[in-house]
Amino acid sequence: MTQRRKLILMVAVAFASASTAHAQAPVDVGGTFQQIEQAANAWIPAIMQEASFLFYVLALLDFAWGAPQLLREHDFNGLFLSLIKKLAGRIFLLRVLINGQVWIPAHRQ
């Protein structure tokens, strides 16, 4: 009798879950993703402003922290090359920050 009860209970659960699965209304997933994308795009100007400010502050701190090392160079060529190397790295990172949305687009299907 216990085995029969378990079998009846399993069949009842299967029928109940099948009927509730068909009762659900279809969901427009594309519309939901479009709403999320529009909300995310609304934040981009504010995020870019804060990211640019943070970049400039960190670059300034990096130059201030590295100034003693730059001034230890014995000749003008060493100072110039060190400064150019540091500037080239920061300019590359600034370009990635500014043009990242164009260079690295989101994958869309």
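Helices are DSSP runs of H or I spanning at least four residues and are numbered from the N terminus; in these terms, lysine 86 lies in helix 3. The model described here is a predicted one, and its protein chain contains three helices and zero strands, so that the order of elements from the N terminus reads α-α-α. Of the 109 residues in the protein chain, 8% count as buried. The accessible surface of the protein chain amounts to about 9900 Å², and 68% of this area belongs to carbon and sulfur atoms.

When residues up to four places away in sequence are not counted, lysine 86 touches Asp62 and Phe63. With a relative accessible area of 17%, lysine 86 is buried, because this value falls under 20%, whereas aspartate 62, at 23% relative accessibility, counts as partly exposed.

A salt bridge also joins the side chains of arginine 90 and aspartate 62, with a distance of 2.4 Å from N to O. Here too the pair links distant parts of the chain, arginine 90 lying in helix 3 and aspartate 62 in helix 2, 28 residues apart. Through shared partners, the salt bridges bring Asp62, Lys86 and Arg90 together into one network. Arginine 90 is partly exposed, its relative accessible area being 25%.

Helix 2 comprises residues 29-71 and includes serine 52. The side chain of serine 52 reaches the backbone oxygen of methionine 48 at 2.9 Å. Serine 52 and isoleucine 98 are 46 residues apart in sequence, while their C-alpha atoms are 8.3 Å apart in space.

The structure holds two aromatic pairs. In the pair formed by phenylalanine 55 and tyrosine 56, the ring centres are 5.8 Å apart and the planes stand at 70°, so the arrangement is edge-to-face. Phenylalanine 55 counts as buried at 16% relative accessibility, whereas tyrosine 56, with a relative accessible area of 48%, is partly exposed. In the pair formed by phenylalanine 76 and phenylalanine 80, the centres are 6.1 Å apart and the planes are at 20°, so this pair is stacked. Phenylalanine 76 and phenylalanine 80 are separated by about one helical turn, because they are four residues apart in helix 3. Phenylalanine 76 counts as exposed at 62% relative accessibility, and phenylalanine 80 is partly exposed, with a relative accessible area of 43%.

Both of these phenylalanines also contribute to a nonpolar surface patch of about 670 Å², which is made by Phe76, Phe80, Leu81, Leu83, Ile84, Leu87 and Ile91. Leucine 83, one of the residues of this patch, is placed in helix 3, which covers residues 76-103. The relative accessible area of leucine 83 is 33%, so this residue is partly exposed.

Definitions and conventions
Residues are numbered from 1 along each chain as its sequence is written. This is a predicted model: local features need pLDDT of at least 70, side-chain atom pairs count only at pLDDT 80 or more; totals for chains, interfaces and linings use all residues. Side-chain values use heavy atoms; hydrogens and water are left out. Patches are made of residues with over 30% relative accessible area and no salt bridge: like charges are joined within 9 Å, nonpolar side chains (Val, Leu, Ile, Met, Phe, Trp, Tyr) within 5 Å. Accessible areas come from the Shrake-Rupley method with a 1.4 Å probe; for residues, only the protein chains shown count as cover. A salt bridge is a side-chain nitrogen of Lys or Arg within 4 Å of a carboxyl oxygen of Asp or Glu. Helices (H or I, at least four residues) and strands (E, at least two) are DSSP runs, numbered from the N terminus. Buried means under 20% relative accessible area, exposed over 50%, partly exposed in between (1.4 Å probe, protein chains only). Contact means heavy atoms within 4.5 Å. Rings of Phe, Tyr and Trp (its six-membered ring) pair if their centres lie within 6.5 Å; planes under 30 degrees apart count as stacked, over 60 as edge-to-face and the rest as tilted. A polar contact is a pair of N or O atoms within 3.5 Å; within protein, one must be able to donate a hydrogen and the other to accept it, and residues adjacent in sequence count only if both atoms are side-chain atoms.
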